Amino acid sequence: MENTPEEAAAGSEHGTGTTQREIIDFVTGMSGVVAITASEANGSPEIAWGDTFFFYSPDHADPLANRQMPFATITTKDYPGFDTVSDIDRDGVFRLNIAVGREVFETLLGHPPSAHPHRSTEVDHTRRDRVLPHPVYATQGWVCVLNPGTSTANQARSLLTGAHSRAVRQRG
């Protein structure tokens, strides 16, 4: 799939990244996945419009009606007063967020999720193309990548596959 120059530039600082569309296509190719991109049409809060949420819902029931938690999301903007440290409002920046669980989190980052509040000042959450603890949900075992690129695209796909498998197991 060839990217437009704008999509390529948005992928990473070096213009060789994965696009949001490629991530959405990859995740929705997994069994039982429902992707919801927040919009006015589907009644989502305006602050979330444009963000995409991935749920495991093998019966394709509305995961929002069941108050189901996503296993991954794509965030396209800052949430003022709540989630701004990644500075996603920069031109062309998006953040892939993945629920990897405690064990994978610790393997990736070298400390358990519960230690993140004491280490959060050590993290530059604005760095692109790096696996980082999620700035808000790290303690729940979430990681993130701003604009997955040459350093993280394959790893991000692997983490998404693992998060999907965890969601399948949890749904039982």
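User: How many of the residues count as buried?
Analyst: Of the protein's 172 residues, 45% are buried (under 20% relative accessible area; exposed is over 50%, partly exposed in between; 1.4 Å probe, protein chains only). This is a predicted model: local features need pLDDT of at least 70, side-chain atom pairs count only at pLDDT 80 or more, and totals for chains, interfaces and linings use all residues. Numbering runs from 1 along each chain as its sequence is written, and side-chain values use heavy atoms, leaving out hydrogens and water.

User: What does the secondary structure come to?
Analyst: Five helices and six strands. These are DSSP runs, numbered from the N terminus: helices are H or I with at least four residues, strands are E with at least two. Along the sequence the pattern reads α-α-β-β-β-β-α-α-β-β-α.

User: And how compact is the protein?
Analyst: Its radius of gyration is 15 Å, close to the 16 Å from the globule rule for 172 residues, so it is as compact as a globular protein of that length. The radius is taken over C-alpha atoms, and the rule is 2.2 Å times the number of residues to the power 0.38.

User: Now the core. Which residues touch the most other members?
Analyst: F54, F71, I98 and L160, in the largest nonpolar core, which has 24 residues. Such a core is a set of buried Ala, Val, Leu, Ile, Met, Phe, Trp, Tyr and Cys residues joined through side-chain atoms within 4.5 Å.

User: Which elements each supply at least two residues of this core?
Analyst: Helix 2 (20-28), strand 2 (52-56), strand 3 (72-75), strand 4 (95-99), strand 6 (142-146) and helix 5 (153-171). Helix 5 gives the most, with five residues.

User: Stay with helix 2. Which of its residues are buried?
Analyst: I23, I24 and V27. They lie on the same side of helix 2, because they cover an arc of only 100° around the axis. That arc is of the directions from the helix axis to the C-beta atoms.

User: What do they pack against?
Analyst: The buried residues of helix 2 pack against strand 1 (33-37), strand 2, strand 3, strand 4 and helix 5. Contact here means heavy atoms within 4.5 Å.
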